[in-house]
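Hello,

Here is the structure for your files. Please open it alongside this note. My findings follow below.

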Amino acid sequence: MQIVFSSVLPDVPAAAVIWLLLLTVAAVAVAALVVRPDWLRSAVAGRIRQAALPSTMEVAEEERERHRYAGEVAVAAERASTTAGRRRAEWLAAQEEVETAWAAYEAAEADVRRLSAAAAMPLPETVRTPAEYADRERYLHRAALEAYRRKELSAEQLSDVFAHRNGWDPRRHPVEQELVLHRGIRDHLAARHRAAVAREREAWRAAELAAAAAGSLRKEAFAALERRPEEVESVVPMPETRRPVAEPSRESTGAARGRAAAAY
């Protein structure tokens, strides 16, 4: 027994020193966690955040994907710009058509006013024979056919002329027939002008939409080239330092009550 104690006792001081060192380290660690508990959380959150960030290969792949997408959008923007140019050319052509139709209508209206003034005067008397009526009919048909070939009468109007309906009477005096013919021409040209205006409006809307689409695609292409891959948010949020909440002073409390009373 004495031999056992003699062999153990020399090691007791060394063991005691080791235990004291371990207890000191543990006490320091516990004290540090008590004083600054956010240290451990900051270290853990930092490691998790670092692990959640994309790797270099992933960033390179995202960069290639971004450039590919930007190239596709740029090609689409170029095609949209071509379409916008074509739509604008169509709109300009529609504008010219409107101006041409209006000029033709004004000329037809001037002819109607001139012939109306002539028809108001006494008409020369002619012998009313079958041959005269036949000449009048041939004149009306020939004049209407020539106006149709000049696209001054519609197919429906020409059909009415040969069917002698809707005011087309071959027995009328040639001056009256001329006035009726030019009134029909004026009405047809007015309808053609209205149709040209409608087409011009549609062409303008199409040109505006095409220009807006091209501009939007160009902006998207530029944004895709300037865009950078966003950082992946960490699963664990970074801890925030808590600030002590100051108790309201008497002055601030009184001011708040005064504002509340004024609100009521």
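Start with H164. At 33% relative accessibility, H164 counts as partly exposed. The cut-offs are these: buried means under 20% relative accessible area, exposed means over 50%, and partly exposed lies in between, with a 1.4 Å probe and protein chains only. Before you read on, note that this is a predicted model, where local features need pLDDT of at least 70, side-chain atom pairs count only at pLDDT 80 or more, and totals for chains, interfaces and linings use all residues. Residues are numbered from 1 along each chain as its sequence is written, and side-chain values use heavy atoms, with hydrogens and water left out.

**The loop**

H164 sits in the loop between α6 and α7. Helices here are DSSP runs (H or I, at least four residues), numbered from the N terminus. H164 is not a glycine, yet its phi is positive, about 60 degrees. N166 lies in the loop between α6 and α7 too. Its phi is also positive, near 60 degrees, and N166 is a residue other than glycine. N166 counts as exposed, because its relative accessibility is 63%.

**The cavity**

How many cavities of 30 Å³ or more does a search of the whole structure find? It finds 1. A cavity is a set of points on a 1 Å grid over the protein atoms alone, where a 1.4 Å probe fits but cannot get out; lining residues have an atom within 4 Å of a point. Grid points are joined across faces, edges and corners, and the volume is the space filled by probe spheres set on the points. The largest cavity holds about 30 Å³ of space.

Its lining consists of L140, G167, W168, D169, R172, E176, Q177, V180 and L181. Helix α7 (residues 174-226) gives the largest share, 4 residues. By type, the lining has 4 nonpolar, 2 polar and 3 charged residues. Nonpolar covers Ala, Val, Leu, Ile, Met, Phe, Trp, Tyr, Cys and Pro; charged covers Asp, Glu, Lys and Arg; the others, Gly among them, are polar.

Look at Q177, in helix α7. Q177 is buried, because its relative accessibility is 3%. Leaving aside neighbours within four places in sequence, Q177 is in contact (heavy atoms within 4.5 Å) with R136, Y139, L140, D169, P170, R171 and R172.

**The core**

The largest nonpolar core has 13 residues. Such a core is a set of buried Ala, Val, Leu, Ile, Met, Phe, Trp, Tyr and Cys residues joined through side-chain atoms within 4.5 Å. A144, L153, V161, W168, L181 and I185 have the most contacts inside the core. Helices α5 (130-149), α6 (155-163) and α7 each supply at least two of its residues.

Not counting residues up to four places away in sequence, L153 touches A144, A147, Y148, L181, G184, I185 and H188. H188 lies in helix α7. With a relative accessible area of 18%, H188 is buried. H188 and E152 are 36 residues apart in sequence, but 6.5 Å apart in space, C-alpha to C-alpha.

**The aromatic pair**

There is 1 aromatic pair. The rings of W102 and Y105 have centres 5.4 Å apart and planes at 40 degrees, so the pair is tilted. Rings of Phe, Tyr and Trp (its six-membered ring) pair if their centres lie within 6.5 Å; planes under 30 degrees apart are stacked, over 60 edge-to-face, and the rest tilted. Both residues lie in helix α4 (residues 56-119), 3 residues apart, about one turn of the helix.

Best wishes

Technical notes:
1 Å grid on protein atoms, 1.4 Å probe; cavity = no way out; pocket = protein on both sides within 12 Å on 5 of 7 lines; lining within 4 Å.
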